[in-house]
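Student: Could you walk me through this structure, one piece at a time? I would like to ask things as we go.

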Amino acid sequence: MSDGTDIKANCNSCGPSRNHEVIKKVETRWEDDDSGYVGGDTYQLIRCRGCEKIHLRHDRWNDHDTDEQGRPNIEIVYYPPAVSRREPSWISDGPFLFDWDNPIIALLREIYSALHNDSRRLAAMGIRALLEHIMIEKVGDSGSIGENVKRFLAAGHVAKASEDTFKNHLLEFGHAAIHRNYRPSQRDLNALLDITEALIAALYVHPFQTKDLKIPGRPQRKDKP
Ligand SMILES: [Zn+2]
């Protein structure tokens, strides 16, 4: 039964700030005797007024983590997680339709999942693993990533103008996350995913989409009588 109030909340289908009916709300509060800190949690079962999907929203705060005015910074988590990036339409279509076990799609889905949970290091490592998989699938495994990159580029799988971005950004971010505990920003990760998705589209999706395209022939010239 609804408690009669509405809140603005994220809906993965409709958008980031949409009217939601609060179906049930539970608030808890805690106090730590040793540190003197206080905090609380609010759980709300909510239904989007647009698409009627139901989510659980968890607001968490404590009086140690505050803004400049001393008000608690409220951390909001949704279940299922708020989607920070929409998946490309070809992820379950075209060459990947019903290909449930395709490792490229499986890895890509895990990367999105890491991104939605703000696990940015894992997302960067995943992008690197995905690119290594694609390189090996296209040119075989030479035993070292340096050699695989060289052969992948030599085979022309990356446009000449993008070779530098591929070597120095795409692969390096994953390397830094693995070996130097580097945590990329959300913006950087979105850029890396843009490039990765474009590479998959160019190598797998576009050839599939165009394989049955017929170029209209020129009209036949009629010989003069
Ligand atoms: Zn909705």
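**The sheet and its surroundings**

Tutor: Five strands, in the order β1-β2-β3-β4-β5, make up an open sheet with antiparallel pairing, where strands pair if DSSP finds at least two bridges between them, and strands are DSSP runs (E, at least two residues; helices are H or I, at least four) numbered from the N terminus.

Student: Which strands are at the edge?

Tutor: The edge strands are β1 (6-11) and β5, each pairing on one side only.

Student: What should I know about the model itself?

Tutor: It is a predicted model, in which local features need pLDDT of at least 70 and side-chain atom pairs count only at pLDDT 80 or more, while totals for chains, interfaces and linings use all residues. Residues are numbered from 1 along each chain as its sequence is written, and side-chain values use heavy atoms, with hydrogens and water left out.

Student: How many bridges link β2 and β3?

Tutor: Eleven bridges join strand β2 (residues 15-31) to strand β3 (residues 38-48) in the antiparallel sense, and T28 has D41 in β3 as its bridge partner.

Student: New topic: is D59 buried or exposed?

Tutor: D59, which lies in strand β4 (residues 54-62), counts as buried because its relative accessibility is 10%; buried means under 20% relative accessible area, exposed over 50%, and partly exposed in between (1.4 Å probe, protein chains only).

Student: And where is L97?

Tutor: L97 sits in the loop between β5 (75-79) and α1 (103-116), and it counts as partly exposed because its relative accessibility is 42%.
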